[in-house]
Each structure stands twice: as structure tokens, then as C-alpha cells.
Amino acid sequence: MTAAAENEGDPVDDGPPEENERPAGTVKVGALNVFNDIVHAPNGTFGSMESGGRSRRLGPDMGKLDPQEVRRELEHYVAPLCQANAESALSKDHVVAISGLRGSGKRAAALSMLRARTDGPLVALSPVITPQELATRTYEPRHGYIVIDQVDTAKEADTDFAWTAVREAVREAGAFLVITRTASVADVSGAVKNVFWERVSVETVLRAHLDNDADVVNELMTVLPDDCPMDDLADVTARVRSGEPVQEALRHLDIAAAQSAREWFEQTRTRKEILEIATLAFGTGVTEREFESRLAALEAQLEVLLPLPEQEPVEGGTEPVLDQSRARRLGKDSLMKTEKLIREQTAIRVLTFKDSGCRVCVLAELNKRMPTPFWDAVKVWIHDIVEGGADFEVASGLALLAKTDAVEVEESYLDPWSRGELGEEGRDTAAIVLWLMCFDEDTAPVALRIVRGWTIFSSRSQRLTAAIALSGELAARFPYEAVRMSWKLLERSPDSDVEAYVQAFAMLFATLVHEPRHGAIVLGLLVRVLDDFEVRPPPLHKRELVTRAILAVLTVRGGPRYQLAIHHFIRNRPDRLDLVARVWAAVLLSRPHRRDAVRALLRSLDLLRPDEARSLGEALADAVPVEELVPLRESLDVVRHRNKRSDQDALIDVLLETLQNRRKTEGPTS
């Protein structure tokens, strides 16, 4: 691996987003369809779109934190009594770990403690960063560092030594580090103080957020559970402060959905009803005929693993009644409903939940109530569905199930599918599950931990699955970690799989260019690799690998309009044209790849404005050695005439003129 890939710091990380960029509170929903085959997704959405859903923090989980976002998050923060203990340890050692249940306010507490000790930048580190990596990374003076819900990846034998090194490194740098962990993770070590986090009561938080408005606080207290996550409390109180009626604000928390699901299961339910609700949980939005076909398959699997007891025939019994199942399952107390949709200019009727929030609640109730044979039957049934093609709704159901039982999802589905048990269909569905897990604060770090394991201790098939997964929403959520892991996979790829890893790396770039300021991470890494080559010339095959990766990045398409990703970057990051020119110059100067590079450059010019073409030309002229400007200009002219281009010749002329003018400015070569 190159030194560039090892360098965790990124010189092109330009800090927090500007005011005109996507706010951190909006919810990005969508996953790039980097699939090998057709994905069954009748109710799915691909590509990027903004959703006005619940206001939760869903921006990238690594890099510098937006100071304005931090201020908003701490505006009504209430510190629990245990915080004094943690602050004492942080002041003394510069490092402290806090552990507790998810939703207990650990993130806000960490930000509060860091901000109280430094007014410098706050930086979020990867949740899968190991103690060894923490000990060897560089810390900046007066910076605060935070690891949210760290996944324990260290070996017991070296944990104490590594954590001692972490403490010394942070303290010597004059920085501060707070690590949060879930209650299920053991103490960090004796070298770093670990404080168990005790959440503040719901009433106390409501009073702080609502300026002690007793009437509103009392109304909310009658509905909100005692263990309501702090993020949810912040969300509902923000809505109330903005003028929303209390009941409307509560609707976004799915409290009514959870109550409805719980009450439905508490009634005596037939085998048929349980299987129907399970089928809908993993197939929301399918037609009634498709639903009933899937239901019959699940019934057959359960009969094998959990057969009904044989019943003696009753003498003189009544005639069997044909179940009017479609009417029955939509009864008054049902959680289901039908919707009429238009697909391919045809009206169809699909089954869904009355309340969309019911789906995750139903899966949680099933997980809590149903025995192992039931879940064994569901496993075989889901495997059969996915074997017929990657299925978006099955993936959605599994991602929601992971909120309750991530171990079941990983061991029964993601692990075997990533190993190639169901071929490309299984790998693609596993990638979709991981992407959808990234839309939840609790399951996003789990998804990253799973993929990280595949990149290190895994089979060839799992590494390929990891590359696919890293090219989608995992990159949007954990951009630095995704780029680093993807590059490692590419560098270590066998010859037979190089093209797959090259394309996955390019798709990662296509994902990141649609995230504020993060497309530069990919280009910045490539530039550092090229800089390393100038210091330490690489073997021929290594240079060829990097050139192919650059060319793929410059030609990949993605996003809602399936545009050239590099064009999107040029238009939105004119301040980083130096990166674009540097990598483009590398492939333009490679004789075996020059023709493809020139064609790619001309395709990009088709989409540029004259001022953009001129700026690109100036940047290219700066990046290309003077002696190569004439051959480059000639190659552009030759390819243009061979392709009989005329529609965008004006833009090409602008580029050629810029290169010519720069050559004259530089003067003759020796």
C-alpha cells in the first residue's frame, strides 16, 4: 500500500459545509444502483433525493464537524450528574470513554465536554478505528476528537498497551479525545477512564427544550416513553418550538405505530395472520398476487420446520370454509391496507402498512416473540427469493430487522451472501442491506464494521462484496474510511478481479461528488499517489493500475441524471480544478491511454460552459509539462477531426487556445 493511502489526514478536506450546501438535518435517501443484474424494486428508489422525513443528523460521520451544527446540538443540552466524573478524567488524561445505552445522549455529552475544553476544531473519527490506529494517528493542538459508538476491534492481549499509547499521544499533542461506546461493550482498559452514562429524565429534557412550558411538557409526558432516545426528544421539541401542534410533532416518532403493533400481537393471532404480517414486513409494496405467492412459500417452509400437529377428523364436522383472505386481512384491526398505483401505465393494487412506521415495529415484535424454527423458515424463504434476483424490499426488511437483531441479519444473510452463496444476486442484496443500514444512527456503524471485516479477514467473494458496498451509501456516510478501504482493496486485487475493483472505486467517486465537498477526497488520494510515484517510481503494473483507476474515475457516470461525475465535480468545485487537472494530466501523458483520455476530456467538454472550459484548460496547462503541451494539443485536434465533431468545437477551441497561450507564456523549451 502506498504512503498516500496510509495517510488518514486529507489536505483537500475543506472543513465544514458552506451555508448554501445541504443542511445536516435533512435526510438523504437513495442508493446508487451499482448492481450486476436487475434488482426487483417495485417500491424502491435509487439515486439521490432529499426527503422531508424526520429531522435527524445523517451527514457524513467522519471529518471536521460543522461548528453551527455543534452549537445547535448543544443549545438545550442538560448534563447528567455522571458528567462531572467524565470531565474530571478528560481534564486529567485528555482521553475519556463513556458507555451507555443507545439514545442516552452520549454524543451530545461528548461534544459538550470537548467544547468546554477547547474552542478549536472538533473532528469525528471512524467508529471502527482501532486502539492501535488511535495511538499512531496525528493529533493537532487544541483540537477535539470524538469517536461515536466505537466498535471494539482490538485484541484483548494488546488493548491495555494500545490504550496507554493513545492517552499519551493525545495528551502530548495538547488535544482531547472522547470515545463513546454502547453498554454491551466492555470497559476500554485500565489506562483510560470509562464512565457509565446515566441518561437525564425525559421530563428534565423537555423542560429545558420547551422553556418550562408546563402544559406542553405534561401533554408530551403522557405519551413519550421513559426510554425515549435523546435524538427523538430533540426532534419533537424542535418541531413544537417551530409551531407544530404536539400531536403532529409526535407523529414523526412512530409512537402510535409501535403501540398499534404491540396491541396487534397481544391479541391471539392465528398462524396464518402471523405469516401474513411477516410476509408484508419483507415485501411491502408488492401486488396482492405476488404477496400471496410469497405467503404460500413461507407457509410451506414453516410447515417443514415447525409442522402443525395432526388433528383427528371430527365426525359430523362442518364443510370447510374457503378463507376470504383478501377481505379478512384488511379488517378493522388490521395493520395492512391496499393502495392503487400506476405502473407501466397500468393500475395495480399493492399491499402496504397503514402506518409506514409499523414495519420496523412489526419486525421488532416478531423478533421478540417468534421461536427459532420460525426464523429458520424465514431464512430459507428469503434465500429463495433472493436467489431469483436481488430484491430491494427484502433488503429493506433486513435493514430494519438489524435495528433489533443485527447479529441475526449478519450471520443468517449478509455473511453467507457475501461469501457468494447465492452468487451475484446475494452479493448485490447484501450491498443494498448495508446501504440501507446507513440511514439509521444505530446500524450505520454496524454496517461499517461488517464491511471492514470483509476487507481484512475474508474470502475473495467477500472482498468483492465489500468493494460494491463501499461504493454506495457507506461512502456517503463514512467517506474517508470508504476511500481508504476501497483503495486498499484495489491495490491488493488479483489480476482476474482488477476491473471489478477499478469500477467500484470509480462508482465510489460518483457517490461522493454528490455529497457536499467530499468528491475531492478521491481525487486528493490519487494526487498523493502520483506524488509518491515521483519520489519512489513504482513497478510498471502498479502505475498501470493507478492509471486505469484514474481513467475510470474520469469517465464514470452516476447521480440522478446519470451524468459524468467529473463534470459534476468541475461545476461544483471550481476551486479544486488543480486536482482534476493533475489526475487528467497523468492519463493524458500515458501513451497507451492517451487516446482514451483525450476522448474522455472531449466528452466532458460537451457539458462545460466556455468559462469552465477555459478554467480547465488553464489548470491542465499548469499540470502538464511544457514539452508535452504541443503533443497534447495535437492529440486533441486529431481526435476531434476523426470523430467529426462540430457541435462543441467552440468549447474545444477555447481549450486549445488556452493551452496555446500558456505555451507561449512559458516560452520555448530547451
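**Close-up views of the predicted model**

**Figure 1. Asp211 in the loop between α7 and α8.** Asp211 is found in the loop that lies between α7 (202-209) and α8 (214-221). The structure shown here and in the following views is a predicted model. The phi angle of Asp211 is near 50°, a positive value in a residue that is not a glycine. Is Asp211 buried or exposed? With a relative accessible area of 63%, Asp211 is exposed, because exposed residues are those over 50%.

**Figure 2. His94 in the loop between α3 and β4.** His94 follows helix α3 and belongs to the loop between α3 and β4. Although His94 is not a glycine, its phi is positive, at about 70°. The relative accessible area of His94 is 15%. His94 therefore counts as buried, since the limit for a buried residue is under 20%.

Figure 3. Strands of a sheet pair through backbone hydrogen bonds, in either the parallel or the antiparallel sense. The pairing of β3 with β5 (residues 122-125) is antiparallel and comprises 2 bridges. In this pair, Gly63 stands opposite Ala124 of β5. By contrast, β5 and β6 run parallel and are joined by 4 bridges. Here Val123 stands opposite Tyr145 of β6.

**Figure 4. Side-chain directions along strand β6.** In a regular strand, side chains alternate between the two faces of the sheet. Strand β6 spans residues 144-147. Gly144 and Ile146 point one way from the strand, whereas Tyr145 and Val147 point the other way. All four of these residues are buried.

**Figure 5. The buried face of helix α3.** Which residues of α3 are buried? They are Gln83, Ala86, Ala89, Leu90 and Asp93. Viewed down the helix axis, these residues fall within an arc of 125°, so they line one face of α3. Ala84 and Lys92 are exposed on the other side of the helix.

**Figure 6. Helix α2 and its covering elements.** At the start of α2 (residues 67-74), a side-chain oxygen of Asp66 comes to within 3.0 Å of the backbone nitrogen of Gln68. The buried residues of α2 are Glu69, Val70 and Leu74. These residues lie on the same side of α2, because they cover an arc of only 125° around its axis. Among the elements that cover them are α4 (106-117) and β5.

Figure 7. Ser112 is located in helix α4. Its relative accessibility is 15%, so Ser112 counts as buried. With residues up to four places away in sequence left aside, Ser112 touches Leu74, Tyr77 and Gln83. A polar contact of 3.4 Å links the side chain of Ser112 to that of Gln83. Gln83 is one of the buried residues of α3, and Leu74 is one of those of α2.

**Figure 8. Two nonpolar cores.** The largest nonpolar core contains 143 residues. Which of its members touch the most other members? They are Phe282, Ile382, Leu398, Leu434, Phe509, Leu523 and Trp584. Not counting residues up to four places away in sequence, Phe509 touches Gly519, Val522, Leu523, Val553, Val556, Ala565, Ile566 and Phe569. A second, separate core has 22 residues, including Leu65, Leu90, Ala109 and Leu122. Of these, Leu90 is also one of the buried residues of α3.

**Figure 9. The chain that holds these sites.** The protein chain has 670 residues, 53% of which count as buried. It contains 31 helices and 12 strands. Among contacts between residues at least 6 apart in sequence, 74% join residues at least 24 apart.

Definitions and conventions. Residues are numbered from 1 along each chain as its sequence is written. This is a predicted model: local features need pLDDT of at least 70, side-chain atom pairs count only at pLDDT 80 or more; totals for chains, interfaces and linings use all residues. Side-chain values use heavy atoms; hydrogens and water are left out. Two strands pair if DSSP finds at least two bridges between them. A nonpolar core is a set of buried Ala, Val, Leu, Ile, Met, Phe, Trp, Tyr and Cys residues joined through side-chain atoms within 4.5 Å. Buried means under 20% relative accessible area, exposed over 50%, partly exposed in between (1.4 Å probe, protein chains only). Contact means heavy atoms within 4.5 Å. The arc is that of the directions from the helix axis to the C-beta atoms. A polar contact is a pair of N or O atoms within 3.5 Å; within protein, one must be able to donate a hydrogen and the other to accept it, and residues adjacent in sequence count only if both atoms are side-chain atoms.
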